[in-house]
Amino acid sequence: MKGAIDVVDFPVPEFPPSDHPTEGDMAPDFTRPLVREGYWEDVPFSEFAAEAGSALLVCYPLNWGGKSLYWWKEIRERGWGGDSVGVVGVSISQPFDHQRFIESMDLEYPLYSDPGNGVAQRYDIVHDLDGMAGIEEPRPAVFLVDDDLTLEYVWVAETWPETPPYDEIEDELGQL
Amino acid sequence: MSAADCDTPALTLYRLHGCPYCERVVRQLDRHGLEYNSLFVAGEHSRRNVVAREAGTRSVPVLVDGDTGVTMAESGLIVEYLEKTYGEGGD
């Protein structure tokens, strides 16, 4: 089966083809509220990447769902991020919900709030949610950019739901 | 299914956003062309009292079939049940 995922051996829904940016392309810039535990403010992604040296943008499914709880726990335990790379999430929760999520998960990572899903639209990774009329979110994906938004590494899910290749991503982070 | 039931599907699926086992069942329901109530529940098991009351478990997916009186968990069993009841050999 095409796009078989790592933990299950039965077919799950496949995403349609996407024209998302790939390695070597420039990542589309965007400005959204960047939520931290204590406050949020509008921050251009380009500014975040420039200040951090490089950035891993984690496009992730709804807060509190079957994926987000596990993903952020895994990322937290792996201790991603540091002096040369900033890890940042983006999902469709409004800022107050992001704050509660950060607090509950004890995250040191900030999260972009994008209820309109404009970032996913710009990256061509829109996921219309089955059974939730009128709601779309990003497909599971990660985009690693250097300080001027050139893409160093890209992973975009081909099936729903799919878990990020943590080890592969970690290798890429190690090469920065 | 009687005419009176047409507006309300007899099948109800309790599902979790981002759960591959739930998507597996969704895929089979769609494949059999079945209408169903799609109910999303919380990620945390502690917040799934409604599922516990209905099915005696906090794991999803859970399928409830009002026509046959069946309530069941475990995606593999549900897929098997759907095939047997609504698949080529069923009905």
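**View 1. Leu144(A) is buried, with a relative accessibility of 1%.** Buried means under 20% relative accessible area, exposed over 50%, and partly exposed in between (1.4 Å probe, protein chains only). The model is predicted: local features need pLDDT of at least 70, side-chain atom pairs count only at pLDDT 80 or more, and totals for chains, interfaces and linings use all residues. Residues are numbered from 1 along each chain as its sequence is written, chains are lettered from A and ligands numbered from 1 in the order in which they are written, and side-chain values use heavy atoms, with hydrogens and water left out. Leu144(A) sits in strand β8 of chain A, residues 141–146. Strands (E, at least two residues) and helices (H or I, at least four) are DSSP runs, numbered from the N terminus. Beyond four places in sequence, the contacts of Leu144(A) include Ala55(A), Leu56(A), Val85(A), Tyr153(A) and Leu176(A). Contact means heavy atoms within 4.5 Å. Between Leu144(A) and Ala49(A), the C-alpha to C-alpha distance is 9.6 Å, across 95 residues of sequence.

**View 2. Lys67(A) touches residues of chain A and chain B.** The loop that holds Lys67(A) runs between β3 (54–59) and α2 (68–78) of chain A. Lys67(A) counts as buried because its relative accessibility is 9%. With neighbours within four places set aside, its partners in chain A are Pro61(A), Pro161(A), Glu162(A) and Thr163(A). From chain B come His17(B), Gly18(B) and Pro20(B).

**View 3. Chain A and chain B bury about 1,400 Å² between them.** Buried area is the accessible area (1.4 Å probe) that two parts lose on being put together, summed over both. Carbon and sulfur atoms give 67% of the area buried here. On the side of chain A, Phe10(A), Asp130(A) and Trp160(A) lose the most area to chain B, together 31% of what that side buries. The contact draws 21 residues from chain A and 16 residues from chain B.

**View 4. One salt bridge links chain A and chain B.** Asp130(A) pairs with Arg15(B), and their closest N and O atoms are 3.0 Å apart. A salt bridge puts a side-chain nitrogen of Lys or Arg within 4 Å of a carboxyl oxygen of Asp or Glu.

**View 5. Chain B has three helices and four strands.** The order from the N terminus is β-α-β-α-β-β-α. Chain B has 91 residues, 46% of them buried. Of its contacts between residues at least 6 apart in sequence, 51% join residues at least 24 apart.
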